[in-house]
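Q: Let's go through the terms one by one. For each label, please set the value against its definition.

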Amino acid sequence: ADLVRLLGEGGAWGVNYHDSDLIPVDATPAEAEAIKRDFRKALSETGLVVPMATTDLFRDAVFKDGAFTSNDPKVRAYALQKTMKAMDLGVEFGAKVYVFWGGREGTESDATKNPAEAGKRFREALNFLCEYARDQKYDLKFALEPRGDIYLATVGHALAFINTLDHPEMVGVNPEVAHETMAGLNFLHGVAQAWDAGKLFHIDLNDQNPGRYDQ
């Protein structure tokens, strides 16, 4: 809530968040309701909106071998449950776009899993979550965020993958300056390709100098 007010003072239009940025994983139901009440009040006071939300599937050590692509079916199930709860939270505050960044999907794990099988698991997860959104009648678009050294490393990889989904019309891309350039590519070209395909659902701008990993 304090950050929302600070953004409001700076003239910001909206605020985005990961699920656990707003509500800690170990929060009780009463604590979660109190946090949401304060957050909603701050949004009302400042006029800020929540255009996009996403899930943190990378900080917790349980995701060290991936979330949707983990070899452990319990981890994959937890990732889905965490994402569905976060989608509920995003829709509650008006988000229209839901971003998926696979920060642990494939990175540093070439020897630990079969990438072809991992792709199937990723597809299965996205298909399941699209069906969940449709079942709940959520007005949500999904955006995949590429990054070098993880599965779906570029806009092109993401666009090809989207065409294999059950509901490709629901899924687009979220190019990010640093993540796209980590693959050694031209960010502007990637944005143009996504735009031309009608799949530029969201965009992240930042000022990180190109490097191999997030700084």
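A: First up is contact: two residues touch when they have heavy atoms within 4.5 Å of each other. The model is predicted, so local features need pLDDT of at least 70 and side-chain atom pairs count only at pLDDT 80 or more, while totals for chains, interfaces and linings use all residues. Residues are numbered from 1 along each chain as its sequence is written, and side-chain values use heavy atoms, with hydrogens and water left out.

Q: Which residues does Ala-53 touch, not counting residues up to four places away in sequence?
A: They are Tyr-17, Gly-90, Ala-95, Val-97, Tyr-98 and Val-99. Ala-53 itself is found in strand E2, where a strand is a DSSP run of E with at least two residues, a helix is a run of H or I with at least four, and both are numbered from the N terminus. Ala-53 is also 8.4 Å from Leu-89, C-alpha to C-alpha, though the two are 36 residues apart in sequence.

Q: Why does Ala-53 count as buried?
A: Buried means under 20% relative accessible area, exposed means over 50%, and partly exposed is in between (1.4 Å probe, protein chains only). Ala-53 has 0% relative accessibility, so it counts as buried.

Q: What makes a set of residues a nonpolar core?
A: Its members are buried Ala, Val, Leu, Ile, Met, Phe, Trp, Tyr and Cys residues, joined through side-chain atoms within 4.5 Å. The largest such core has 49 residues, and Phe-39, Phe-68, Leu-126, Phe-142 and Leu-144 have the most contacts inside it. At least two residues of this core come from each of H3, H4, E3, helix H5 (115–135), E4, helix H6 (155–162) and strand E5 (171–173). Another core, of five residues, lies apart from it, with Val-97, Val-99, Ala-143 and Phe-201 among them. As background, nonpolar side chains tend to be buried together in soluble globular proteins.

Q: What makes one space a cavity and another a pocket?
A: On a 1 Å grid over the protein atoms alone, a cavity is a set of points where a 1.4 Å probe fits but cannot get out, whereas a pocket is an open set with protein on both sides within 12 Å along at least five of seven lines; lining residues have an atom within 4 Å of a point. Grid points are joined across faces, edges and corners, and a volume is the space filled by probe spheres set on the points. The structure holds two cavities of 30 Å³ or more.

Q: What volume does the largest cavity have, and which element gives the most to its lining?
A: The volume is about 70 Å³. Strand E3 (residues 97–101) gives the most to the lining, with three residues. Phe-68, Trp-101 and Phe-122 are among the lining residues.

Q: How do the lining residues of the second largest cavity divide by class?
A: Ala, Val, Leu, Ile, Met, Phe, Trp, Tyr, Cys and Pro count as nonpolar, Asp, Glu, Lys and Arg as charged, and the others, Gly among them, as polar. That gives eight nonpolar, one polar and one charged residues for this cavity, whose volume is about 50 Å³.

Q: Which residues lie nearest the centre of the largest pocket?
A: Of its 18 lining residues, Ile-23, Pro-24, Lys-85, Ala-86 and Leu-89 lie nearest the centre. This pocket has a volume of about 430 Å³, and H4 gives the most to its lining, with eight residues. The lining divides into nine nonpolar, three polar and six charged residues.
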